[in-house]
Amino acid sequence: MTRLRLGAILGAVLPLAGCSESGTPSALERSACQNVMIGGKPYHMQVPVGADIEEDTDRGSVLIRPKPKGRLLRFVSLAPLAGLTLSPPDRSTTLANGLTFSYSVDENIGGGSAGPEAELMGELLLGPDAPVVVVCHDQAEMGLDAEWCLDSLGTIQPAASPQACK
């Protein structure tokens, strides 16, 4: 398992890259382009500055935790579908990269002292032979958002693509 950590320099510099119309940096403006391996294939995607990225080369999966040091559990996991059967999706969206993402959200999967938990689960087709299961998990004491990962998912591109991290 490979573990990557974005540097403190990026954390200090990237928030200055730009702001949304409200004047506060948007999620993608507080992110950095990272290389990730999914199903043995290289991709680029924007991930939050300071995130832990754990790649499991045996499974071909990647786990991204945007705030690894907090008590709240928040992560996005991408892994080859590999015969897994998902429940029928009840939502669908077209991501910024043009990919259609079909998914379901369970707003109440339990919780603990840090608050309730919610989870998004869906399938993303990164290529004709690259179906990926996406699990996006959120825990919060107030205001769960299991769809927090959609902006980052909208930046996934094959590493060789000229559109990667644009």
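## The nonpolar core

In this predicted model, the largest nonpolar core comprises 29 residues. Those with the most contacts inside this core are I64, L78, F101, L120, V134 and L153. Two or more core residues come from each of the strands β2 (31-38), β3 (41-48), β5 (61-65), β6 (75-80), β8 (100-106), β10 (115-125) and β11 (131-139), and also from the helix α2 (150-153). In soluble globular proteins, nonpolar side chains tend to be buried together.

Leaving aside residues up to four places away in sequence, L120 touches F101, Y103, S104, V105, V134, V135, C136, A146, E147 and L150.

## Overall architecture

The protein chain contains 2 helices and 12 strands. Read from the N terminus, the elements follow the order β-α-β-β-β-β-β-β-β-β-β-β-α-β.

Of the 166 residues in the protein chain, 42% are buried. The accessible surface of the chain comes to about 9000 Å², and carbon and sulfur atoms account for 55% of that surface. Among contacts between residues at least 6 apart in sequence, 48% join residues at least 24 apart.

Strand β4 (residues 52-56) is mostly covered, with 5 of its 5 residues buried. D52, E54 and D56 point one way from the strand, while I53 and E55 point the other way. Residues on both sides of β4 are buried.

Strands β4 and β5 run antiparallel and are joined by 5 bridges. Within this pairing, I53 has I64 of β5 as its bridge partner.

## The three-stranded sheet

An open sheet of 3 strands has the order β2-β3-β12, and its pairing is antiparallel. Strands β2 and β12 (157-158) stand at the edges, each with a single partner strand, so one side of each is left without a neighbour in the sheet.

The pairing of β3 with β12 is antiparallel and extends over 2 bridges. H44 stands opposite Q157 in β12.

Conventions:
Residues are numbered from 1 along each chain as its sequence is written. This is a predicted model: local features need pLDDT of at least 70, side-chain atom pairs count only at pLDDT 80 or more; totals for chains, interfaces and linings use all residues. Side-chain values use heavy atoms; hydrogens and water are left out. A nonpolar core is a set of buried Ala, Val, Leu, Ile, Met, Phe, Trp, Tyr and Cys residues joined through side-chain atoms within 4.5 Å. Buried means under 20% relative accessible area, exposed over 50%, partly exposed in between (1.4 Å probe, protein chains only). Helices (H or I, at least four residues) and strands (E, at least two) are DSSP runs, numbered from the N terminus. Contact means heavy atoms within 4.5 Å. Accessible areas come from the Shrake-Rupley method with a 1.4 Å probe; for residues, only the protein chains shown count as cover. Two strands pair if DSSP finds at least two bridges between them.
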